[in-house]
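Visitor: I have a model open and want to learn how to read it. Can we go feature by feature?

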Amino acid sequence: MQIPFKLIRNLHLAASPFIGAFVYSGALRENDAFVSVIHWVVFPLVAAAGLALWLAPRLARYRASQAVVDKTPR
């Protein structure tokens with residue numbers, strides 16, 4: 001199953017403000033539950049989505065080149 005590019009981008013954009021709130025809000029940094037959610041859920045999610053967005057063109061080119069190689073007559 002391939003995850004749509006728009007979904008990854010929207011997930012990345014929707015989760016990023018939570019990291020901003022963590023960085024700029026001292027009151028939120030004192031809340032242990034919020035810190036745990038940022039450390040174990042939000043940051044890995046944003047990082048993985050960012051990597052997926054960054055690598056998407058390279059992966060698409062790789063898949064296209066593999067498809068051409070597989071269709072060669074034997």
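Visitor: Where is Ser36 found?

Guide: Helices are DSSP runs of H or I with at least four residues, and strands are runs of E with at least two, numbered from the N terminus. Ser36 is found in helix H3. This is a predicted model: local features need pLDDT of at least 70, side-chain atom pairs count only at pLDDT 80 or more, and totals for chains, interfaces and linings use all residues. Residues are numbered from 1 along each chain as its sequence is written, and side-chain values use heavy atoms, with hydrogens and water left out.

Visitor: Is Ser36 buried, exposed or partly exposed?

Guide: Buried means under 20% relative accessible area, exposed means over 50%, and partly exposed lies in between (1.4 Å probe, protein chains only). Ser36 has 37%, so it is partly exposed. Its C-alpha atom is separated by 33 Å from that of Arg58, 22 residues apart along the chain.

Visitor: What about confidence, and where is it lowest?

Guide: pLDDT is the predictor's confidence in each residue, from 0 to 100. The protein has a mean of 88, and 91% of its residues reach 70 or more. Confidence is lowest in H3, at a mean of 88, and highest in helix H1 (residues 5–24), at 93.

Visitor: How many helices and strands are there?

Guide: The protein has 3 helices and 0 strands. From the N terminus on, the elements run α-α-α. The radius of gyration is 18 Å, well over the 11 Å that the globule rule gives for 74 residues, so the protein is more spread out than a compact globule. That radius is taken over C-alpha atoms; the rule is 2.2 Å times the number of residues to the power 0.38. The C-alpha trace spans about 65 × 15 × 15 Å along its principal axes. Buried residues make up 12% of the 74 residues.

Visitor: Which residues make the nonpolar surface patch?

Guide: Patches need residues with over 30% relative accessible area and no salt bridge; like charges are joined within 9 Å, nonpolar side chains (Val, Leu, Ile, Met, Phe, Trp, Tyr) within 5 Å. A salt bridge is a side-chain nitrogen of Lys or Arg within 4 Å of a carboxyl oxygen of Asp or Glu. Areas come from the Shrake-Rupley method with a 1.4 Å probe; for residues, only the protein chains shown count as cover. Here Leu51, Trp54, Leu55 and Leu59 make a patch of about 390 Å². Leu51 lies in helix H3 (residues 32–70) and counts as partly exposed at 46%. Trp54 is also in helix H3, and at 54% it is exposed.
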